[in-house]
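Thanks for asking me to look through this one with you. Below are my notes, written to be read with the model open beside you.

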Amino acid sequence: KYVFIPTSHLLDDMELLGWQCVDAKEIKSRKRKGFQKHLMIFKNSDLSIKGEDGDEVFPIIYASNSHDGTSCFVLRAGLFRLICENGLVISTTDFESLKIRHMGYNIDELQNRVEYILERLPQTVEFMNKMVETKLNEAQAEKFAEEAIGIRFPGIPMKVNLKDLIKPIRPQDGEPSLWNIFNIVQEKLIHGDFIYELNNKTRKARPIKNFQQDILINEKLFNLALNQLN
């Protein structure tokens, strides 16, 4: 039987485990107002990953929930990159979304899910290091950007200046590593920071505001970056 578990309960339990809520979003809905899906982003200030180049990344946990009886708590692993203040969603076979049913929910189950994520952090660091070590030439970087555009706009024949899409936003991203190119492209696609041409009309892309779409695109972009390591 579905049992109403208030989101405040999850917030309190995550705080007991050392994770503070740093952001929250919800889907706009007239029909389900007050019951619509919402997302909370948690960060543990005691955990961080520091690169030799000064790049600093914090592990984060995305937790989505709703109170309409149709959804579970869903946890996802993520990364918060301090340089660009941007969130990335980790997506691998070992980081599938972790669901917690409202039926029989307790803090022990939540703690098990959080520990599962933390136990796999070394693997995430390994992926990041490989991305930093993998250098891309201009053609490879543009190819990555082209495939990334296909993730955000699947099946839409638009024209995008790929050189602009891979152009660094800040000096720290000047090195053409896979890690930097991935972050540059991800940030521009999510924030809508690029121009495209469609049906002979030039438009500026819109930022993604729906958190479900944001997570889906982020997961696919992360997988695209991982595929470059194979």
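The numbered points below go from the whole chain to individual residues.

1. **Overall picture.** Please keep in mind that this is a predicted model. The protein has 7 helices and 10 strands. Of its 230 residues, 46% are buried. The accessible surface comes to about 12600 Å², and carbon and sulfur atoms account for 48% of that surface.

2. **Contacts along the chain.** How far apart in sequence are the residues that touch? Taking contacts between residues at least 6 apart in sequence, 62% join residues at least 24 apart.

3. **Helix 3 against helix 6.** Start with helix 3 (residues 121-133) and helix 6 (residues 178-191). Their axes come within 5 Å and cross at roughly 100 degrees. An angle from 65 to 115 degrees counts as roughly perpendicular, and helix 3 and helix 6 are therefore described that way. Which residues make the contact? Helix 3 brings Met-128, Met-131 and Val-132, while helix 6 brings Leu-178, Trp-179 and Phe-182. By class, the residues of this contact divide into 6 nonpolar, no polar and no charged.

4. **A salt bridge within helix 3.** A search of the whole structure finds 9 salt bridges. One of them joins the side chains of Lys-130 and Glu-126, with 3.4 Å from N to O. Both residues sit in helix 3, 4 residues apart, so about one helical turn separates them. How accessible are the two partners? Lys-130 is partly exposed, at 38% relative accessible area, and Glu-126 is also partly exposed, at 42%.

5. **A salt bridge between sequence neighbours.** Arg-120 pairs with Glu-119 in a salt bridge, and the closest N and O atoms are 3.6 Å apart. The two partners fall into separate accessibility classes: Arg-120 is partly exposed at 23% relative accessibility, whereas Glu-119 is exposed at 56%. When you look at this pair, the cut-offs to remember are under 20% for buried and over 50% for exposed.

6. Glu-138 forms a salt bridge with Lys-163, and here the closest N and O atoms are 2.8 Å apart. Glu-138 is partly exposed, at 47% relative accessibility. Lys-163 is partly exposed too, at 47%.

7. Glu-142 lies in helix 4. Is Glu-142 buried or exposed? Its relative accessible area is 17%, so Glu-142 counts as buried. Setting aside neighbours within four places in sequence, Glu-142 is in contact with Leu-162, Lys-163 and Ile-166.

8. Most residues other than glycine have a negative phi. Asn-199 has a positive phi, near 55 degrees, and Asn-200 has a positive phi of about 65 degrees. Where are they? Asn-199 is in the loop between strand 9 (195-198) and strand 10 (201-204), and Asn-200 is in that loop as well. Asn-199 is exposed, at 65% relative accessibility. Asn-200 is likewise exposed, at 74%.

9. **Phe-58 and its surroundings.** Phe-58 is in strand 4 (residues 56-65). With a relative accessible area of 10%, Phe-58 is buried. What does Phe-58 touch? Not counting residues up to four places away in sequence, its contacts are Lys-43, Asn-44, Ser-45, Leu-47, Ser-48, Gly-78, Leu-79, Phe-80 and Leu-82. Among them, Ser-45 is 13 residues from Phe-58 in sequence, and the C-alpha atoms of the two residues are 7.8 Å apart in space.

Definitions and conventions: Residues numbered from 1 in each chain as written. Predicted model: local features only at pLDDT ≥ 70, side-chain atom pairs only at ≥ 80, totals over all residues. Heavy atoms only, no water. Salt bridge = Lys/Arg side-chain N within 4 Å of Asp/Glu carboxyl O. Buried < 20%, exposed > 50% of the residue type's maximum accessible area, 1.4 Å probe, protein only. Helix = DSSP H or I, 4+ residues; strand = E, 2+ residues; numbered from the N terminus. Contact = heavy atoms within 4.5 Å. Areas by Shrake-Rupley, 256 points an atom, 1.4 Å probe, with all protein chains shown as cover. Axes fitted to C-alpha atoms, helices over the stretch in contact; angles between N-to-C directions. Parallel < 35°, antiparallel > 145°, perpendicular 65-115°, else oblique. Nonpolar A, V, L, I, M, F, W, Y, C, P; charged D, E, K, R; others polar.
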